[in-house]
Amino acid sequence: MPANVCCPNCWVWSELGTRTTCRRCGAALILPDGQTIGAALAAPPPPPPPLSFGYAPGGSAPAVAMSTSGIPDAALRGFQPNAGSDWIAIARWFTIGYGILLVVALVAIGLIVQHINVPITDPYGVTTMQTFDIGPAFAIAAIVVGVVMGVFAWLTQYTVARVIFLVLDGLALLSAISKIGVETRSGGVGFLALATMAFDVAYGGVLLMSLLPRTQPAYV
């Protein structure tokens, strides 16, 4: 059967492949018995079982069952990993999704509203209309926002960054609630304000779950 390994820092379980270190933090992956993969491979093979159940003296000992990773199945039998949800990965995808929405919105605005007319008054009091091409500006803004959100998604793997993001999300949630309160008193609540508040609540919940301590693996 395939062997499961765990990162001692992230507590993310995965199937043992060619990597011996965590993709996120670089820590050495461990087996269910707490050994690193290198230590398990360097350990001497277990002694053969005692002769019993009809094995005659001089007969061959039964072969030790090996997993697909080369680790004895006996070392993994009876273990049930308690992986749970990878809230860090969920928070990263939230950030990536929000960044994609912002980039698409900026590109759409740049395509729909490519030119604006601005009244300009000269020192002699003569007002003329000047046309400005804002399409390239929105294209550059979309690229900058995409890069920034990509950096934020990469920083999500660090606890300090997630704490900062949670504080910023809380401030954004308070602002959205205040805006909804103003719109309610003025006679209506916009869809954009409700959608923004819903996103802030969901993103804050994911960040909070990613900061909570993970449960230890259960041995049975």
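User: Which residues do ring pairs link into a cluster?
Analyst: This is a predicted model, where local features need pLDDT of at least 70, side-chain atom pairs count only at pLDDT 80 or more, and totals for chains, interfaces and linings use all residues. Residues are numbered from 1 along each chain as its sequence is written, and side-chain values use heavy atoms, with hydrogens and water left out. Rings of Phe, Tyr and Trp (its six-membered ring) pair if their centres lie within 6.5 Å; planes under 30 degrees apart count as stacked, over 60 as edge-to-face and the rest as tilted. Ring pairs make a cluster of Phe-94, Tyr-98, Phe-199 and Tyr-203.

User: The structure holds six aromatic pairs. Is the pair of Phe-94 and Phe-199 stacked, edge-to-face or tilted?
Analyst: The structure has six aromatic pairs. In the pair of Phe-94 and Phe-199, the ring centres are 5.8 Å apart. The planes stand at 45°, so this pair is tilted.

User: How many residues apart are Phe-94 and Phe-199?
Analyst: Helices (H or I, at least four residues) and strands (E, at least two) are DSSP runs, numbered from the N terminus. The pair links distant parts of the chain, with Phe-94 in helix H2 and Phe-199 in helix H5 (residues 191-211).

User: Are Phe-94 and Phe-199 buried, partly exposed or exposed?
Analyst: Buried means under 20% relative accessible area, exposed over 50%, and partly exposed in between (1.4 Å probe, protein chains only). Phe-94 has 25%. Phe-199 has 24%. So Phe-94 is partly exposed, and Phe-199 is likewise partly exposed.

User: How far does helix H2 reach from its first C-alpha to its last?
Analyst: H2 covers residues 87-112, 26 residues in total. The expected span is 1.5 Å times one less than the number of residues.

User: What residues of H2 are buried?
Analyst: An α-helix has 3.6 residues a turn, so residues three or four places apart point the same way. The buried residues of H2 are Ile-88, Ala-89, Ala-91, Arg-92, Thr-95, Gly-99, Leu-106 and Gly-110.

User: Are H2 and H3 roughly parallel or roughly antiparallel?
Analyst: Axes are lines fitted to C-alpha atoms, for helices over the stretch in contact, and angles run from 0 to 180 degrees between N-to-C directions. Under 35 degrees counts as roughly parallel, over 145 as roughly antiparallel, 65 to 115 as roughly perpendicular and the rest as oblique. H2 and helix H3 (residues 135-155) pack at about 180°, with axes 8 Å apart. The two helices are therefore roughly antiparallel.

User: Which residues does Leu-106 contact, leaving aside neighbours within four places in sequence?
Analyst: Leu-106 sits in helix H2 and, at 18% relative accessibility, counts as buried. It is among the H2 residues that meet H3. Contact means heavy atoms within 4.5 Å. Leaving aside neighbours within four places in sequence, the partners of Leu-106 are Phe-138, Ala-141, Ala-142 and Val-145.

User: What separates the C-alpha atoms of Met-197 and Leu-173?
Analyst: Met-197 lies in helix H5 and is partly exposed, at 26% relative accessibility. Beyond four places in sequence, Met-197 contacts Leu-173, Ala-176, Ile-177 and Ile-180. Met-197 and Leu-173 are 24 residues apart along the chain, and their C-alpha atoms are separated by 5.9 Å.

User: Which residues does Asp-200 touch, not counting those up to four places away in sequence?
Analyst: Asp-200 is also placed in H5. Its relative accessibility is 7%, so Asp-200 counts as buried. Not counting residues up to four places away, Asp-200 touches Asp-169, Ala-172, Leu-173 and Ala-176.

User: Which residue of the S4 and S5 hairpin takes a positive phi?
Analyst: Two strands pair if DSSP finds at least two bridges between them. S4 (residues 115-121) and S5 (residues 127-133) pair in the antiparallel sense over seven bridges. His-115 stands opposite Asp-133, and Val-118 has Gln-130 as bridge partner. Five residues lie between the strands, and the one with a positive phi, near 85°, is Gly-125.

User: In what order do the elements run from the N terminus?
Analyst: The protein has five helices and six strands. Of its 220 residues, 24% count as buried. From the N terminus on, the order is β-β-α-β-α-β-β-α-α-α-β.
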